[in-house]
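Visitor: Could you walk me through reading aromatic contacts in a protein model?
Guide: Gladly; let us look at one together.

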Amino acid sequence: MKIVYAGTPETAVPPLEALHSDPRFEIAAVLTREDAPVGRKKVLTPSAVARRAEEFDLPVLRANRVTEDVRAALRGTGARIGAVVAYGALLPRPALEVFEHGWINLHFSLLPQWRGAAPVQRALMAGDSVLGATTFVLDEGMDTGPVVGTLTDEVRPEDTAGTVLDRLAHEGSPLLAESLLGVATGQVQPVPQRGEATAAPKLTGAEARITWTHPAVAVAHHVRGVTPEPGAWTEYEGQRIKVERVVPAPGVTGLAAGHVEIRGKQVFAGTGSYAVELTRVQPGGKKPMAVLDWARGQQHREQVAFA
């Protein structure tokens with residue numbers, strides 16, 4: 001079956017790879033966002049999907065908006081259906097009608113929960129213990145179309161948003177393939193979404209800041225939800241410092257919110273309840289380092305505290 005694949009970030013690469021290797025599909029073209037400036041030097045860089053598609057010698061369409069010219073190119077592929085994984089822009093109605101069987105989106109939440117650009121991040125920040133992925137038929141709303149299939153996945157103790165997204169991208173690839181075939185052949189009938197909807201808008205850098213007056217468990221959920229991007233951070237002596245995984249430590253009490261203390265070979269920070277154990281930090285302009293090394297470097301100060 002001839003299809004078009006639309007996606008942009010690294011998370012969208014595993015489904016592309018799976019569909020490319022599946023003999024049931026022919027990827028007629030790949031739609032991705034335009035090359036974007038990356039790094040301090042703002043070097044124009046292709047998306048992760050564009051790079052992988054070109055390695056497969058697949059035709060690549062770069063567009064931040066699906067204009068009439070883009071729609072004409074999509075129609076010219078002869079594809080019957082489109083697959084979407086984190087393309088990064090809403091498709092307007094004319095684009096939704098390009099293919100005979102529409103577009104099937106692989107979204108990393110159990111819809112209608114967490115509609116939007118950051119479903120895994122928001123779910124982890126909220127403390128959800130069960131996440132998942134949903135395939136659905138795209139319509140004009142924000143992740144509102146009828147559901148084709150779902151899968152569930154339990155959060156693991158070491159998980160971050162990065163590890164969950166990677167796992168769901170791989171586990172969701174077979175679901176996407178079967179959903180495309182099911183809809184195109186008429187063997188699967190999508191059903192309307194049911195339940196209470198929650199929103200998952202894109203995260204901002206400001207939202208990644210740790211609030212140490214929150215309870216320890218909430219701080220841990222927050223850190224895992226914004227790791228690796230945009231990255232949890234706090235302030236120390238007026239400078240931003242990134243904080244990697246933290247672990248609630250119910251047995252460690254008596255630390256004021258944000259105050260840091262070395263106990264043996266462990267480093268703890270106070271919260272609004274009990275402490276959390278710190279693992280690694282990244283001071284501004286430096287590489288990530290073991291928190292014990294960083295904390296020992298601050299022992300000459302009367303008090304070490306995050307703001």
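What follows is a short talk about aromatic rings and their surroundings.

Guide: A word on sources: this is a predicted model, where local features need pLDDT of at least 70 and side-chain atom pairs count only at pLDDT 80 or more, while totals for chains, interfaces and linings use all residues. Residues are numbered from 1 along each chain as its sequence is written, and side-chain values use heavy atoms, leaving out hydrogens and water.

Visitor: How many aromatic pairs does the structure hold?

Guide: Rings of Phe, Tyr and Trp (its six-membered ring) pair if their centres lie within 6.5 Å; planes under 30 degrees apart count as stacked, over 60 as edge-to-face and the rest as tilted. The structure holds 5 such pairs. In one of them, Trp 212 and Phe 306 have ring centres 5.4 Å apart and planes at 20 degrees, so they are stacked.

Visitor: Are Trp 212 and Phe 306 buried or exposed?

Guide: Buried means under 20% relative accessible area, exposed over 50%, partly exposed in between (1.4 Å probe, protein chains only). Trp 212 is buried at 4%, and Phe 306 is buried at 6%.

Visitor: What is the geometry of Tyr 236 and Trp 294?

Guide: Their ring centres are 5.1 Å apart with planes at 75 degrees, so this pair is edge-to-face. Both Tyr 236 and Trp 294 are buried. Together, Trp 212, Tyr 236, Trp 294 and Phe 306 form one aromatic cluster.

Visitor: Which residue lies over the face of Trp 233?

Guide: A charge sits over a ring if NZ of Lys or CZ of Arg is within 6 Å of the ring centre and within 35 degrees of the ring normal. Here Arg 240 lies over the face of Trp 233, at 3.6 Å from the ring centre.
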